[in-house]
Amino acid sequence: MNDQARLLAQRLIRNIEQVEKTHDHRPPLYDSIGTRLGTGTAASKLGASIDVVAPGMRSCPYHFHYAQEEMFIVLEGTGTLRVAGEQLPIKSGDVIFIPPGPEYPHQIINMSDAPLKYLSISTRELPELVEYPDSGKFLAAAQHGDGEQVRYIQRPSASLDYWQDEP
């Protein structure tokens, strides 16, 4: 492969079996291995990640996005989609669509005795606001012009008055 082809491959191709993965283990509910596939690629508006959730566990807290739209493709296993207060069974081959907004808080739970593997695809909308109904917190995220991300996790109870500390 020549230098140009090698550069193109680095910017455009990820192999889900070969990328470095991170183990997120936060007992008693969260245990997953995954990676963000779009990071470091030429993609600017589309994100993707792969997650493998351990039996009886979850990959992330119950949440909803105000800006991002998400799609999940179940690759292996079975589990439960907790969405809008309901528990929906999911299995290999299912494609799940989650639009932004408070009507669709969601979480994927592996209630089986085998790993649950899924591909997440989302828009990369910034600025973004994410709410976590179970814990009563929110995430505000944006990006500087130089590409550096700004992320704040807070509770509404810590909110300040608009005019506080202004001259």
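Analyst: Gladly, and please keep in mind that this is a predicted model. We can begin with Pro127, which is found in the loop between strand E10 (116–123) and strand E11 (128–132). The bond that joins Leu126 to Pro127 is a cis peptide bond, with omega at about 5°.

User: And what about the peptide bond from Pro27 to Pro28?
Analyst: That peptide bond is cis as well, with omega near 10°, and Pro28 is found in the loop between E1 and E2.

User: Why point those out?
Analyst: Because most peptide bonds are trans, and most residues other than glycine have a negative phi.

User: OK, so which phi does Ala84 have?
Analyst: Ala84 is not a glycine, and yet its phi is positive, at about 50°. Ala84 is found in the loop between strand E6 (78–83) and strand E7 (86–91), and it counts as partly exposed, at 44% relative accessibility.

User: Is Asp165 buried or exposed?
Analyst: Asp165 is exposed, because its relative accessible area is 71%, and the cut-off for exposed is over 50%. Asp165 also has a positive phi, near 65°, and is found in the segment after strand E13 (149–154).

User: Switching topic, in what order do the six strands of the open sheet run?
Analyst: The order is E1-E2-E3-E10-E5-E8, and the pairing is antiparallel. Strand E1 (22–26) and strand E8 (95–98) stand at the edges with a single partner strand each, so one side of each has no neighbour in the sheet. From one strand to the next, the twist averages 25°.

User: How many bridges pair E2 and E3?
Analyst: Strand E2 (residues 30–36) and strand E3 (residues 46–53) pair over five bridges, and Thr35 has Ile50 in E3 as its bridge partner.

How values were computed:
Residues are numbered from 1 along each chain as its sequence is written. This is a predicted model: local features need pLDDT of at least 70, side-chain atom pairs count only at pLDDT 80 or more; totals for chains, interfaces and linings use all residues. Side-chain values use heavy atoms; hydrogens and water are left out. Two strands pair if DSSP finds at least two bridges between them. Helices (H or I, at least four residues) and strands (E, at least two) are DSSP runs, numbered from the N terminus. Axes are lines fitted to C-alpha atoms, for helices over the stretch in contact, and angles run from 0 to 180 degrees between N-to-C directions. Buried means under 20% relative accessible area, exposed over 50%, partly exposed in between (1.4 Å probe, protein chains only).
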